[in-house]
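Biologist: Can you walk me through this one? I'd like to talk about pockets and helix packing.

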Amino acid sequence: MSDTDPNSGPGWNDHDTPYGTIHSYDAPGSLGTGGNAGSHTNIGPTTRLSIPSTKTYDGIYMTMCANNLMAHEGFVNAIYADSKGNPTVGIGHLLANIDAALGMRFLKTYHQSLGHGDSTNIEVAATSTDVRNGYNQVLNHPGSRAAVHLSNDDAIQACIADVQETEKGLRGLYANYDHFTDNAKTGLVDMGFNLGIPRLRNEFPKFNAAVNRGDWGTAATESHRTGIGDKRNADTAHNFQQALAGH
């Protein structure tokens with residue numbers, strides 16, 4: 001979490017979701033918008049989320065997970081292709097097939113002329129045809145972005161759901177998962193989200209053994225992944241080093 005007061009400052013916004021009201025604000029030095037976020041959001045590369053607790057998760061821990069994923073996955077409201085060409089949206093939320101896309105509340109922006117040189121943008125619910133066209137466009141042309149997009153609220157909601165789904169798999173790998181520190185769980189969620197639970201289970205036996213015996217120093221070393229940025233690996237290792245220190 002940031003030391004910035006999450007109740008004030010530039011870029012402060014509320015996002016109403018089924019999980020409760022989620023806050024976002026810009027960290028010091030931020031321009032507020034921009035980066036890879038696109039034109040349909042005020043969430044930029046230095047924005048931080050502040051997620052309140054609910055009956056199903058602790059807000060401090062969920063905030064750590066969501067901000068960590070956002071730092072490495074980005075925040076893109078429109079459908080785009082990930083590094084493997086898979087249609088994706090929001091904070092790295094995979095759209096495994098067209099049905100996954102059709103199940104989300106995509107929007108489309110229309111530019112309406114008001115006459116006398118004035119105009120306005122109107123957001124309406126995207127039709128199933130709009131979503132199909134956008135999904136197929138990205139699938140066939142990975143460098144493009146679809147004309148349909150999610151609201152900030154729905155993108156954040158999808159991230160929370162992804163964290164919770166990842167945790168289900170992690171509990172199957174690590175018997176004491178729910179008793180781990182928030183830093184340990186944040187690192188594990190990043191591993192599970194990025195790799196997928198089957199790869200984490202099958203390709204990281206030394207890491208998994210270290211986690212299960214509470215050896216966070218070895219876990220930090222064995223958490224290194226190929227094919228991702230050095231910063232993501234360093235941040236994940238840092239999470240486990242913090243767990244080693246009891247944090």
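Predicted model: local features only at pLDDT ≥ 70, side-chain atom pairs only at ≥ 80, totals over all residues.

Biologist: Fine. At what angle do α1 and α4 pack?

Modeller: About 105 degrees, with the axes of α1 and α4 10 Å apart. Angles of 65 to 115 degrees count as roughly perpendicular, so α1 and α4 are roughly perpendicular to each other.

Biologist: Which residues make that contact?

Modeller: From α1, take Y61, M62, C65, A66 and L69. From α4, take C159, I160, V163, Q164 and E167.

Biologist: And what is the contact of α1 with α4 by class?

Modeller: 8 nonpolar, 1 polar and 1 charged.

Biologist: Next pair. How do α4 and α5 pack?

Modeller: Their axes lie 9 Å apart, at an angle of about 95 degrees. That puts α4 roughly perpendicular to α5.

Biologist: Which residues of α4 and α5 meet?

Modeller: On the α4 side, D162, V163, T166, E167 and L170. On the α5 side, L188, V189, G192 and F193. By class, the contact of α4 with α5 has 5 nonpolar, 2 polar and 2 charged residues.

Biologist: What about α1 and α9: where do their axes cross, in degrees?

Modeller: At roughly 160 degrees, and the axes come within 10 Å. Helix α9 covers residues 230–244. That angle makes α1 roughly antiparallel to α9.

Biologist: Is the crossing of α1 and α9 left-handed or right-handed?

Modeller: Right-handed. N68, L69, H72 and E73 of α1 touch K231, R232, D235 and N239 of α9. By class, the contact of α1 with α9 has 1 nonpolar, 3 polar and 4 charged residues.

Biologist: Which elements each supply at least two residues of the lining?

Modeller: α1 (59–73), β6 (93–94), α4 (152–173), α5 (182–195) and α6 (197–203).

Biologist: Which one gives the most to the lining?

Modeller: α5, with 4 residues.

Biologist: And the lining of the largest pocket by class?

Modeller: 7 nonpolar, 14 polar and 9 charged residues.

Conventions
Residues numbered from 1 in each chain as written. Heavy atoms only, no water. Nonpolar A, V, L, I, M, F, W, Y, C, P; charged D, E, K, R; others polar. Axes fitted to C-alpha atoms, helices over the stretch in contact; angles between N-to-C directions. Parallel < 35°, antiparallel > 145°, perpendicular 65-115°, else oblique. Contact = heavy atoms within 4.5 Å. Left-handed = near helix turned anticlockwise from the far one by under 90°.
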